[in-house]
Amino acid sequence: MIALALLIAAVAVAAGFWVLNTASKTQTYKRIPGPTGVPFLGNILQLGKQMHIQFCKWSKQYGDIYEVKLGTQRAVVISNPKWVKEIFSTDTAFSGRSRIQCFEMYPDTPFALGIVSSEGEFWETHRRFLLRQLRDFGFGKSYMEQLVLEEVQEVIERFRKTKGKSVSDLKSVFVLAVINSLWTILTSKRFQHDDPKLNTLVENLHKVLFDLVETGGMIMFIPWIGRILPEWSGYNKLRKVVEDNRSFLEEAVKEHKDAFQEHNLRDFIDVYLNEMNKTVDTTSPFYGETAEQHLVAALGDMFGAGTDTTSTTLTWGILYIIKFPGVQSKFQQEIDLVTANSRNVSVNDRSSMPYTSALIEEILRYSSIVPGGVQHRATEDKVFKGYLIQKDTWIFPNLYHIHYNPEIWGDPEAFRPERFLSEDGKVFKKNENLMPFQTGRRQCVGESLARDTVFLFLTNIFRTFTIHFDSNAPKPPVDPMGLILSPQPFSVVMNERS
Ligand code: HEM
């Protein structure tokens with residue numbers, strides 16, 4: 001009896017503290033508005049298959065910042081571009097990332113490895129190292145350009161062989177080419193496009209994203225569902241794909257370790273292994289087994305984050321250029337002007353191609369393939385614009401809403417590259433409200449590679465071919481599909497330009 005009384009008293013005291021604590025947290029700060037959810041599922045059922053559309057509707061209703069519950073996970077969505085820049089640039093407290101272990105290559109480590117999911121000093125050290133090495137090994141250099149151009153050439157040869165017949169799966173052609181240029185930078189090896197190893201890697205990547213959409217992203221937001229209903233939730237299938245990819249990448253690292261020569265560092269893996277070999281400090285992020293696992297996870301991140309995104313952007317690019325009247329001919333005129341139709345377009349030409357630069361910006365805006373950005377995690381309670389953002393809250397930048405906001409763009413539904421040009425059409429003008437690679441401390445590390453790749457592919461393909469929809473095939477439906485917003489399949493005919 002006494003025990004029961006004590007227990008009731010303890011619960012009452014704890015409840016009192018909770019009420020006081022919550023009240024003190026909410027009293028002095030502005031309340032973050034947002035839709036009401038249901039227990040356990042929060043607002044998940046309201047999201048539908050196209051989460052970004054609901055995010056836009058809510059931003060019209062609730063304004064610059066609102067709160068939603070994804071399962072039991074609290075999230076804030078920010079729709080004001082200036083606030084997005086500010087929150088992701090100024091305070092390290094908003095640069096965290098929450099663990100979604102079902103995607104991790106090593107889910108049982110005490111903290112997340114790789115670049116995309118890691119945080120704190122470990123993430124900062126490895127991100128800095130990766131950026132430096134990628135710069136030294138290629139990004140923004142002629143070596144990288146040469147690698148990408150080899151892939152462009154292979155794609156052009158493939159298209160040439162179609163001899164004016166219908167081509168329907170552009171995306172898979174681009175995926176192989178993009179993955180191959182990344183693979184060469186990271187591992188100094190190149191695959192043939194029909195290599196079974198390369199095709200398995202590509203299929204696995206595709207499956208991971210597809211399975212996630214099939215389950216409505218449920219295991220991301222309610223992780224315990226994966227543990228208790230592993231088949232139904234798609235958890236088992238997802239884990240198999242992640243583990244197959246891990247074995248593939250571990251094998252590449254092992255091959256590098258076996259052939260390692262300190263005086264001949266061939267690629268990113270060699271440089272990383274060299275850094276590990278030099279490290280004796282057991283607390284260093286480059287020390288021991290954890291560092292090697294990190295290397296595998298970081299390679300996986302770059303393929304995961306770089307392949308589908310870049311190839312989807314290229315596919316949207318082809319679709320928009322042939323769909324919207326006048327775009328293809330203006331694009332080709334500018335290409336012909338700089339190359340005199342006698343050589344490949346090179347990244348050095350970009351500064352004299354304002355229409356092309358504007359066209360690529362408009363492709364990135366109009367497609368907005370990562371519509372809700374990639375969420376960050378608040379690593380501590382922190383006040384932003386008078387609102388308390390509690391520790392562990394996810395922060396989403398509402399990129400799709402920003403890219404389609406009529407107050408910013410005037411006529412966002414129109415595909416109009418000219419919005420990024422001066423009045424006379426001669427000067428390219430950046431618009432700081434366009435942020436397809438997000439912004440701030442975690443901004444995409446592959447941005448310059450992605451931009452160069454899209455530029456080199458589109459310019460050299462349209463230098464070689466005039467492309468039309470296949471008039472015998474149905475017109476492509478307009479709605480995008482997938483977690484990375486992708487075009488639905490469409491068929492084209494490519495005619496070689498004389
Ligand atoms: C059109 C192509 C691409 C788009 C639209 C894109 C978009 C993004 C976005 C929105 C983020 C989230 C940034 C944040 O959390 O603040 C991101 C992160 C990242 N991207 Fe990309 N990306 C593209 C291409 C690439 C490529 C080619 C690579 C490979 C080198 C890559 C590697 C990464 C990595 C490793 C991160 C995580 C950065 C971090 O957490 O510190 N991305 N990307």
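Before looking at packing, I noted how the angle is defined: axes are lines fitted to C-alpha atoms, for helices over the stretch in contact, and angles run from 0 to 180 degrees between N-to-C directions. I also kept in mind that this is a predicted model.

**Entry: helix 6 and helix 18**

I looked up helix 6 (residues 142–160) against helix 18 (residues 447–464). Their axes lie 10 Å apart, and the packing angle is about 40 degrees. That makes helix 6 oblique to helix 18, because angles of 65 to 115 degrees count as roughly perpendicular and those under 35 as roughly parallel. I logged the crossing of the two helices as right-handed.

Next I listed who touches whom. Helix 6 contributes Met144, Glu145, Val148, Leu149, Val152 and Ile156. From helix 18 come Leu449, Asp452, Thr453, Leu456, Phe457, Asn460, Ile461 and Thr464. Sorted by class, this contact holds nine nonpolar, three polar and two charged residues.

**Entry: helix 13 and helix 15**

I then turned to helix 13 (residues 288–323) and helix 15 (residues 354–367). Here the angle is about 105 degrees, with the axes 10 Å apart. Helix 13 is therefore roughly perpendicular to helix 15. On the helix 13 side I found Thr313, Trp316, Gly317 and Tyr320. Helix 15 meets them with Ile363, Leu364, Tyr366 and Ser367. I counted five nonpolar and three polar residues in this contact, and no charged ones.

**Entry: Gly120**

Where does Gly120 sit? I found Gly120 in helix 5, which covers residues 120–137. Is Gly120 buried or partly exposed? Gly120 has 15 C-beta neighbours inside 10 Å, so I put it down as partly exposed. Burial would take 20 or more. I also checked Gly120 against Arg419: the two are 299 residues apart in sequence. In space their C-alpha atoms are 39 Å apart.

**Entry: the whole chain**

Last, I stepped back to the chain. I noted 18 helices and nine strands. The radius of gyration is 24 Å, close to the 23 Å that the globule rule gives for 498 residues, so the chain is as compact as a globular protein of that length. Along its principal axes, the C-alpha trace spans about 95 × 60 × 40 Å. Of the 498 residues, 37% count as buried. I also looked at contacts with a separation of 6 or more: residues 24 or more positions apart account for 70% of them.

Methods
Residues numbered from 1 in each chain as written. Predicted model: local features only at pLDDT ≥ 70, side-chain atom pairs only at ≥ 80, totals over all residues. Helix = DSSP H or I, 4+ residues; strand = E, 2+ residues; numbered from the N terminus. Rg over C-alpha atoms; globule rule 2.2 N^0.38 Å. Buried ≥ 20, exposed ≤ 12 C-beta atoms within 10 Å, placed from the backbone. Contact = placed C-beta atoms within 7 Å. Parallel < 35°, antiparallel > 145°, perpendicular 65-115°, else oblique. Left-handed = near helix turned anticlockwise from the far one by under 90°. Nonpolar A, V, L, I, M, F, W, Y, C, P; charged D, E, K, R; others polar.
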